Amino acid sequence: MTATEPVSHLGFGGQGVRPPTTTEQIKDYILRAHLRPGDLLPTEAELCSLLGVSRSNVREAIRTLAALDIVEVRHGYGTYVGQLSLKPLVEGLVFRGVLIPGDDFSALREVVEVRQALDLSMAEQIVTEMAGTSNPDLESLVAAMEHKAQKGEDFFEEDREFHSHLLAHLDNFLVAQLGTAFWDVHQVVSPKLGLPAPEQIDLTAKAHGAMLRAAEAGDADAYRAAVVAHYAPLQDALRDVAATVEAERAAAASAAASGERSGERPAAAVEAGTA
């Protein structure tokens, strides 16, 4: 497709159910023109002509697509196809994890469960790819994590890099992106919630070493067991915090109910009665 070839108005995906939005038309253009990340898009004026829409529609669509990393606006140079990363997913999950009242720790628990499920589902492939190999970079990361754990320090960066290196052995770019994305959510949300480091942080560090040794030995069962051991301290910490929060809520509700039974009136009710 050339920059001057009109785009069909049959709807995104050729479905003729409703008029396509400008955002959908631009995505359709990228697909039909076989553009790749980093390729230059037509100018704003050319898009208006191609799509038969106004400049304001094109500008709004470009803003929407830029927020999704589908396009990248380089001021003074033009608009390019974006890197199509999972950054919007990360930001959305982080926002959900820290802003939904009463569901903070549930959100992080869900992220941890997804991370574990992803690691377990990729066990066979990782072990197959790494069996018989030597990985000094990963060994260095394990040593750094164990050293920091002994000093009671967190090892977020080493942990993230370790998992990224493992998933890099797979011929699956999406899985690698998902693994990194969920780890980024975990790293950002955990401190915002004030979640304390698990007391068994040293077990988490050592579990990374067990994962590496199992992968290099080609032992999928040992690898899966090490994955479970890796997440166990954090899951225990999440359960403890959730139980504490629930107990505090129950105590507050009980105190409120007791106050009502004893004849105390909520402040709002008192004010209303004296108005």
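At 26% relative accessibility, R224 counts as partly exposed. Keep in mind that this is a predicted model.

Who is the partner of R224? R224 forms a salt bridge with D221, and the closest N and O atoms are 2.8 Å apart. D221 is exposed, with a relative accessible area of 55%. Both residues sit in helix 11, 3 residues apart, so about one helical turn separates them.

How many salt bridges does the structure hold? The count is 10. Take another one, between the side chains of E158 and K148, at 2.8 Å from N to O. E158 lies in helix 8 and K148 in helix 7, so this pair ties together parts that are 10 residues apart in sequence. Is E158 buried or exposed? E158 counts as buried, because its relative accessibility is 14% and the cut-off for buried is under 20%. K148, at 24%, counts as partly exposed.

One more pair. E153 and K151 form a salt bridge, with their closest N and O atoms 3.6 Å apart. E153 is partly exposed, at 34% relative accessibility.

Now the whole chain. It has 12 helices and 2 strands. From the N terminus, the order is α-α-α-β-β-α-α-α-α-α-α-α-α-α. Of its 275 residues, 37% count as buried.

Next, the inside. In soluble globular proteins, nonpolar side chains tend to be buried together. Here, the largest nonpolar core has 33 residues. Which of them touch the most other members? They are I126, M130, L138, F162, L166, M211 and Y223. The elements giving two or more residues to this core are helices 5, 6, 7, 8, 9, 10 and 11. Helix 11 gives the most, with 7 residues.

Look at M130 again, together with A215. The two are 85 residues apart in sequence, yet 5.7 Å apart in space, C-alpha to C-alpha. A215 is in helix 10. A215 is buried, with a relative accessible area of 0%.

Last stop, the surface. Which residues form a negative patch? D137, D154, E157 and E161 do. D154 is found in the loop between helix 7, residues 136–150, and helix 8, residues 156–167. D154 is partly exposed, with a relative accessible area of 46%.

Terms used
Residues numbered from 1 in each chain as written. Predicted model: local features only at pLDDT ≥ 70, side-chain atom pairs only at ≥ 80, totals over all residues. Heavy atoms only, no water. Patch = residues over 30% accessible without salt bridge, like charges linked within 9 Å, V, L, I, M, F, W, Y side chains within 5 Å. Areas by Shrake-Rupley, 256 points an atom, 1.4 Å probe, with all protein chains shown as cover. Salt bridge = Lys/Arg side-chain N within 4 Å of Asp/Glu carboxyl O. Lys, Arg positive; Asp, Glu negative; His and termini not counted. Charge placed at Lys NZ, Arg CZ, Asp CG, Glu CD. Helix = DSSP H or I, 4+ residues; strand = E, 2+ residues; numbered from the N terminus. Buried < 20%, exposed > 50% of the residue type's maximum accessible area, 1.4 Å probe, protein only. Core = buried A, V, L, I, M, F, W, Y, C linked by side-chain atoms within 4.5 Å.
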